[in-house]
Structure formats: C-alpha cells, structure tokens
Amino acid sequence: MRGKSPGPDASAKKQAWKKSDGGRQRSAMGSVLSLLGAFVATSMALGLLFAGLLIPATGLAGASVKGGVKEFDDMSGTLTENALSQQSKILAKDGSVIAAPYDENRIVVPSSAIPKVMKDAQVAIEDERFYEHGALDQRGLARAVASNLVSSSTQGASTLTQQYVKVAAQRAAIESGDKEEAKKAVAQHGTDAYVRKIKQLKMAVELEKTHTKDQILTSYLNLVFFGDGAYGIEAASQHYFGHPAKDLTLPEAATLAGVVNLPGSTDPVHNPKAAVKRRDIVLQKMIDQGKVSEAEGKAAIASPLKTNVTNVAGGGGCQGSKYPYFCDYVTDWVADQPALGANRKERLAKLKTGGLTIQTSLDPQKMSALDSNLKKRVPTGNGADVQAAGVIIEPGTGLVQAMAQNAKYDVAGSNHFSTSVDWVRSGFPIGSTAKIFAIVEAMRQGRAVDSTVNVPAMNGTKDGRPVYNFTSKTFPGQCGQGAGNWSVGNDHPVPSGPMSLSKATAESVNTAFGALVASLGPCKVRDTFKLMGVQARDLKTGGWRDIRRDPSSIVLGSDSSSPMMMANAFATVAADGKYCAPRPVVSIKRANGKPVALKVEACKQVISQQEARGTAKIFTHVFDSDGTASDAKLADGREAFGKTGTVDGSLHTWFVGSTKQLSTAVWVGRGFDNKNPIKNVSIGGKHIGTFLYGGDIAAPVWKETMDTISKGMPKAKLAEPDEATKQGDEVSVPDVKGKSEADAKSTLEKAGFLVTVSKQNSGDVSGGQAFKTDPAAGQKLGKGKKITLYVKP
C-alpha cells in the first residue's frame with residue numbers, strides 16, 4: 001500500500017540481505033564506480049576526439065571540451081617507425097641460401113610484391129571501411145562507446161591504421177628496452193587502456209597526414225605476426241605455402257588474413273581446422289563487400305586447405321644450415337666488420353635483424369667434393385677415433401671456397417671439441433708441411449733452386465733409431481736449442497753429404513732441413529712463418545701467437561697451426577708471392593640494397609715472384625717417384641706442388657698442395673683427447689699396418705678432391721723461375737777448408753758472395769781455420785747470394 005511503512009518482516013529481510021550479500025554489494029559498488037570512471041574517461045575521449053577530429057571546436061558548449069581539444073592538439077603524435085627486424089641471407093657462390101639468421105623471420109617487401117587479393121582480404125576482415133574513413137571510424141567508435149558503457153573493458157573500434165600504430169608502438173618500446181611502455185602500448189583495461197587509446201589515436205591521425213592508405217597497409221602487412229615464427233606477409237607466404245607473397249591465391253590470402261587476429265590459435269600448421277573456419281569467414285566478408293564474386297568466394301570456401309610448409313634454410317642461425325661450420329666462420333667474420341656496428345654485439349644483432357644479403361665465396365660443388373672425399377676416407381664416428389678436416393682457398397684472393405670436417409655439428413654438448421669446434425680454423429702440429437717456410441727463406445737469402453744442403457752424418461741413437469744430435473752450437477741464440485741435444489731422425493736411411501734442396505724436400509729429410517735452417521738462421525725462418533700469415537693457436541686465450549722459438553717448431557712443425565692458414569700459405573706461393581688474408585665474404589648489402597664498406601686486408605707482395613716460383617718448383621718434386629706423395633700426382637698432367645706432414649706418433653698427418661687456381665689443405669689426426677698413436681688401425685676400409693703418414697689418407701683425399709674440382713678448368717702451368725733463381729750465376733763456391741778465417745772470408749767475398757761466419761767447435765782443422773761452407777764447396781751459386789763460413793774457434 002502506497003505510503004505504508006514496511007513491517008517487521010520487510011526490515012528483517014533487508015538486514016539479512018546486507019549480511020549475506022555484503023561482498024556482492026561492495027563488488028557492485030566497485031563496478032558502478034568502474035563504469036563511472038570508464039564513462040568519464042570515454043566521454044572525455046569522445047569530447048576530445050569528436051571535437052578535435054570530427055567537428056569544428058568553435059560553437060561547442062563547455063570550456064572543458066574546448067580545453068580538451070587544445071590538449072589533444074598539443075599532444076605529440078609522432079610514431080617511432082623503427083626499421084623492421086628482418087632475416088638476413090647468407091648466400092653461396094651460386095646464390096643458394098646457406099643460412100638466414102634472424103630474431104624475427106621477416107622479409108620486408110614493397111607494395112608491388114603484395115597482391116591486391118591479399119590487401120583486399122586483410123581489409124575485409126579487419127577494417128572494411130579502411131579506404132573511406134580517416135584515422136577514426138565514426139561508426140565503429142560509436143559502437144565501441146556503447147559497449148564500453150556497460151563493460152569493464154575497452155572494446156576496440158580500431159581502424160587498420162590504429163592497429164598498425166599499436167603494434168609499431170609496442171615494438172618500438174620493446175626495442176628501446178622500456179618494458180613498462182611496451183605493456184602500456186597494448187593495455188586493455190583501466191586508465192592505461194584509455195591513455196593508450198588517446199595517444200595512439202593522435203599518432204594515427206598524424207600518420208594518415210603523411211602516409212597514403214596503401215603505404216599504411218603495406219607497412220602493416222610487413223609488420224604483423226602470422227604465427228609459427230613467421231613475421232610479415234612475405235615470410236608467412238613462403239613458410240605456409242612455399243612461394244612468394246606475389247603468388248598468393250584467393251584461399252591462401254584469406255587464410256593468412258584470418259591468422260593475424262589470433263596467430264596462436266588459427267595458424268594453418270598447428271590449428272588447420274580453426275584456420276579453415278577463420279579463412280571462410282574472411283572469404284564470406286569478401287563476398288559481402290563485393291571484393292570477389294560469389295562464385296569465386298564460394299569456390300574458395302569449398303576448397304581444401306593446401307599448405308606447403310617450408311622452413312628457412314638455416315633459419316635463425318647456423319645449426320640448421322647445410323654448411324654449419326662455414327656459416328659459423330661467416331658469422332665470426334661479419335662480427336668483426338666495423339661498418340655494421342660499434343662492437344661485436346651490435347654487429348651480430350645487425351646480422352639477425354638488418355636484412356643483410358651476405359654473398360660468400362663458398363662453392364657448393366667444391367664443398368660437396370671435399371666433404372664426400374673426406375668422409376669416405378675418414379668416416380664420421382669411425383672406430384679408430386680418427387678425425388679429419390679440409391679447406392680450399394683461391395690463390396690471389398684469399399677467398400675460402402670450401403671447408404669440411406668429419407665431425408657432427410652439435411652445439412648442445414659441454415665439451416669444446418664435441419660441440420661446434422671448427423677444426424679447419426683450429427690449431428694442430430703441422431709436421432713437415434713447415435718445411436715450405438725454410439725453402440721460402442732459402443730463396444729469399446739467394447739460394448738457388450738447384451743448390452744443395454749438407455746432410456750431417458748420424459751421431460747417435462734414440463729409441464733404437466739413428467739420429468743426429470743438434471746442439472746449441474748449431475742452433476745458438478734466441479731461436480736456438482739451449483741446453484741439451486735436439487735429436488733428429490729420418491723415416492728412411494739417408495746418406496750424409498750434399499743433397500739437392502729438391503731431393504731433400506721430396507723425401508722430407510729432417511736432418512737436411514735441420515742443417516738448412518741452422519745455416520739460414522732459425523729466427524729468420526720463424527719470421528717467414530709470420531710473413532706468410534701462419535701463427536699458432538694460443539690455447540689459453542683462444543687467440544693466435546707466433547710460432548715457438550725452438551728448432552723443433554721452426555724446422556719440423558711441432559708447433560700448431562690451422563688447415564686454413566696452411567692452405568693460404570701455399571696459396572701465397574701459388575700466387576707468385578702475393579699474400580691475401582683468408583676470408584669467406586665477397587660482399588654485403590644492406591636491406592635497401594646499398595653495399596656495406598668491408599674491412600678487408602689488402603693483398604700484399606710478401607715474397608718476390610721469383611722466390612715464390614723457385615719454392616713451387618722445389619715442391620713439385622714431392623710427387624716424384626721417390627717423393628712422399630708419389631701416388632697423389634694430379635690427373636691429366638695438371639701441375640701442382642705440395643707437401644706431406646706427419647707428427648711423432650702420427651697424431652696429426654697432413655697434405656697441403658696447390659695448383660695455380662686452387663690451394664687445398666687436408667688434416668687427418670686426433671681431434672679429441674685421445675693421445676694414442678695412430679698405428680695398426682682400419683679407417684674407411686683402409687688398414688694402416690704401421691704408423692699413419694701424410695701420404696696414406698690426407699694425400700689421397702687431396703688428390704681425389706683436386707681432380708674432381710679441377711675438371712673443366714684450364715690446365716694452368718706453374719711458371720718457371722728464371723735461370724738466376726734456378727742456377728744462380730754459375731759461380732762455384734770455392735773450397736776454403738784449412739784457410740784462416742780472414743783468408744777464407746776474403747776468398748768467398750772475391751767470388752761474389754755475402755759471407756756470414758759461424759763459429760763451431762768441430763771439423764778436422766786447427767783453431768781459427770775454416771772447415772766448411774754452406775752451400776758446400778763446388779756448388780754453383782749466384783753472385784751476391786749469402787753463404788755461411790764455418791770456422792773452428
């Protein structure tokens with residue numbers, strides 16, 4: 001009854017309600033306040049936006065609206081559009097992709113590379129009036145306001161322009177490291193959501209003043225995530241359908257357009273049913289909006305989902321590359337290019353985000369030949385626990401054309417040598433391949449190709465083998481022997497006395513080279529290692545250092561270097577003495593096509609043309625019938641020079657050789673911690689009954705590879721050294737034995753030689769008398785050449 005006071009029952013019910021639903025009441029009150037706040041914020045936004053954008057400010061009632069208009073007009077609308085992170089491409093010589101490093105798998109393309117059907121599909125599903133409205137869609141905005149007044153969240157009325165701004169703003173914040181701002185850029189609730197909307201609306205307004213609709217749509221399609229690791233339309237098309245975006249069909253375009261809104265739930269790889277359902281919605285909208293005919297649309301709806309999922313070769317890094325070790329090498333090289341950043345971290349970031357095109361020198365055909373021959377002879381995981389690596393370098397450029405090893409690439413392990421260790425660039429004792437540096441220095445000091453060296457007679461035994469004991473008297477000074485003897489033996493009996501440099505090289509006579517280096521000066525030979533770019537691995541720092549000063553390292557290669565450095569040293573000789581630092585990269589272009597200025601060490605002449613030709617001439621005899629690589633002579637009479645190398649215990653064996661066009665080094669040995677001699681083992685179907693030598697596996701791998709990769713190439717001849725280099729000036733070294741030091745020196749100088757005196761307490765002469773020369777008496781030597789006079793103290 002109207003006006004009647006409530007009775008006791010009504011009062012009790014009210015109290016009970018308060019007690020039982022107090023929490024709900026407070027919640028309801030909170031919701032009301034939230035709605036009120038939302039209403040106020042939305043009203044302000046509408047006042048600002050409608051007043052500032054849709055109708056003139058003049059004539060509006062209320063100073064608050066006019067103030068809001070000014071506040072909106074004064075707000076910054078600058079959108080930071082950073083260059084999009086996109087994949088780089090590392091290309092082989094033939095243009096095939098070695099790897100595509102990226103943080104985001106994206107390939108930025110121009111508008112012309114995106115077909116109209118893709119643009120129509122995206123507009124149809126996300127903003128059908130995109131080409132008709134400005135930065136704001138009034139109809140959509142009104143609809144969103146109505147929804148927001150009865151909801152605690154902000155429904156989107158976003159145009160494609162606003163969506164682009166939102167994603168771009170979030171990305172810019174993430175790249176700047178501002179996590180809080182990145183969070184605000186996509187806020188959906190509370191004050192942050194309204195502030196975000198207003199800021200991004202202003203940005204959208206300004207963007208539409210400076211960009212065409214097509215520019216905005218193209219930027220959007222290049223930016224957004226399409227699921228399953230694919231960013232941007234080009235990468236998405238290639239990933240899902242195996243072809244460029246320009247070739248997208250109607251159902252494919254509709255599928256991709258449908259993915260953008262919920263890429264984690266509708267991508268066609270992981271959610272094919274959801275992808276089809278979403279695709280069909282897009283297609284129906286395209287029909288409704290007249291973007292396709294009903295017949296075309298219905299046919300596309302009836303079509304099955306057809307994907308051709310294609311992953312990027314080496315996508316994200318080197319582990320997925322067909323050539324992972326070479327990819328690592330390129331990555332390291334790029335990280336040292338100052339034009340790509342201030343430090344290695346910045347340069348590596350540029351590699352993964354900058355859309356670089358890196359053209360390398362890797363030749364897939366040469367790579368295939370080296371890799372297959374290497375693994376045929378030394379299979380991966382062989383029972384003998386023997387490893388192998390090889391590299392091919394082009395003389396005159398330093399460009400690395402192939403590198404292979406028989407290890408499985410694995411970055412998951414903890415042991416350095418069981419992960420991605422790169423044996424091609426690691427250090428191993430080089431054995432007798434080191435003898436090339438002694439010959440180069442001999443040529444530099446004026447020794448003729450046809451000159452001889454005195455092989456000393458054995459004067460002791462070690463481990464039951466005859467040896468010659470070199471002492472500090474033979475090797476004095478910084479690079480000398482020091483205390484004790486250096487015992488040197490040969491692999492076969494060798495007579496003492498004069499021996500030609502060619503024969504000593506062909507047979508790899510250690511005692512002959514000991515005597516030769518002693519006469520040349522071991523420190524000078526050591527300097528030649530460095531001159532030709534050969535250093536030893538420093539295991540403590542992981543860097544490189546000069547070869548050790550002891551005779552064993554300088555003469556017999558007991559110190560370590562890499563297959564790459566050794567191949568390049570022989571390449572220097574093949575290039576007539578021109579040294580070019582090894583490198584894997586020919587050129588780098590930025591995403592805009594502009595070339596990157598590369599930091600490349602200029603090639604330089606480190607030994608003379610005639611010195612190089614004389615050296616090569618001597619090392620051709622390694623293929624002679626009495627040479628250590630007699631079975632490795634190249635097919636069809638192709639000229640080459642080379643050298644075997646074997647370290648004590650056969651832990652490391654080598655063959656390094658070169659033609660005029662290609663230099664190849666092959667190493668076979670222990671790459672892990674196994675220190676057992678390689679002896680009496682079976683490797684790749686070949687039984688090694690005694691110790692493994694450089695001529696057993698390394699040389700055959702070299703020959704098989706060089707024969708294969710040289711087919712079709714011109715038979716470039718090794719240039720002959722001139723007569724002066726080969727024979728000198730036909731002046732015989734006088735016999736000065738028994739003469740006083742002064743007389744002997746004078747006699748030699750009158751014959752036209754440069755004389756260095758070495759005091760040694762040996763020889764069957766009296767003190768102060770000469771007992772021999774090196775080169776020996778009777779040998780023909782060019783005038784002006786250096787000669788060592790040995791005098792008894």
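In this predicted model, strands S23 (residues 679-683) and S24 (residues 686-691) run antiparallel and are joined by 4 bridges. Lys679 stands opposite Phe691 of S24. The two strands form a hairpin, with 2 residues between them. Gly684 lies in the turn and has a positive phi of about 55°.

A mixed, open sheet is built from 4 strands, in the order S2-S1-S5-S18. Strand S2 (97-99) and S18 stand at the edges. Each of these edge strands has a single partner, so one side of each is left without a neighbour in the sheet. From one strand to the next, the twist averages 30°. Strand S5 (residues 357-360) and S18 run antiparallel, joined by 4 bridges. Ile358 has Ile588 of S18 as its bridge partner. In a regular strand, side chains alternate between the two faces of the sheet.

A search of the whole structure finds 3 disulfides. With bonded cysteines counted along the chain, the pattern is 1-2, 3-4, 5-6. One of the disulfides joins Cys318 to Cys327, with an S to S distance of 2.0 Å. The link of Cys318 and Cys327 is left-handed, with -75° about the S-S bond. Both Cys318 and Cys327 are buried.

Another disulfide joins Cys479 to Cys523, again described by its S to S distance, 2.0 Å. The torsion about the S-S bond of Cys479 and Cys523 is about 100°, so this disulfide is right-handed. Cys479 lies in the loop between strand S11 (465-470) and strand S12 (486-488), while Cys523 lies in helix H21 (residues 522-531), so the pair ties together parts that are 44 residues apart in sequence. Cys479 has a relative accessibility of 1% and therefore counts as buried. Cys523 has a relative accessibility of 25% and therefore counts as partly exposed, because the buried class is limited to values under 20%.

A disulfide also joins Cys580 to Cys603, at an S to S distance of 2.1 Å. The link of Cys580 and Cys603 is right-handed, with 120° about the S-S bond. Cys580 lies in the loop between strand S17 (578-579) and strand S18 (585-589). Cys603 lies in the loop between S18 and strand S19 (604-605), so the pair ties together parts that are 23 residues apart in sequence. Cys580 is buried, with a relative accessible area of 3%. Cys603 is partly exposed, with a relative accessible area of 36%.

Helix packing was examined for H4 and H13. Helix H4 (residues 116-126) packs on helix H13 (residues 272-288) at an angle of about 95°. Their axes are 9 Å apart. H4 and H13 are therefore roughly perpendicular to each other. On the H4 side, the contact comprises Val117, Asp120, Ala121, Ala124 and Ile125. These residues meet Arg278, Ile281, Val282, Lys285 and Met286 in H13. By class, the contact of H4 with H13 has 7 nonpolar, no polar and 3 charged residues.

Two threonines were considered in turn. Thr705 is placed in helix H25 (residues 698-710). Thr705 is buried, with a relative accessible area of 0%. Leaving aside neighbours within four places in sequence, Thr705 is in contact with Ala369, Leu370, Asn373 and Ile392.

Thr380 lies in the loop between helix H17 (364-377) and strand S6 (387-393). At 43% relative accessibility, Thr380 counts as partly exposed, because values over 50% are needed for the exposed class. Residues up to four places away in sequence aside, Thr380 touches Lys375, Asn406 and Lys408. Thr380 and Lys408 are 28 residues apart in sequence. In space, their C-alpha to C-alpha distance is 7.2 Å.

Key
Residues are numbered from 1 along each chain as its sequence is written. This is a predicted model: local features need pLDDT of at least 70, side-chain atom pairs count only at pLDDT 80 or more; totals for chains, interfaces and linings use all residues. Side-chain values use heavy atoms; hydrogens and water are left out. A disulfide is a pair of cysteine sulfur atoms within 2.5 Å. Buried means under 20% relative accessible area, exposed over 50%, partly exposed in between (1.4 Å probe, protein chains only). Axes are lines fitted to C-alpha atoms, for helices over the stretch in contact, and angles run from 0 to 180 degrees between N-to-C directions. Angles under 35 degrees count as roughly parallel, over 145 as roughly antiparallel, 65 to 115 as roughly perpendicular and the rest as oblique. Contact means heavy atoms within 4.5 Å. Ala, Val, Leu, Ile, Met, Phe, Trp, Tyr, Cys and Pro count as nonpolar, Asp, Glu, Lys and Arg as charged, and the others, Gly among them, as polar. Two strands pair if DSSP finds at least two bridges between them.
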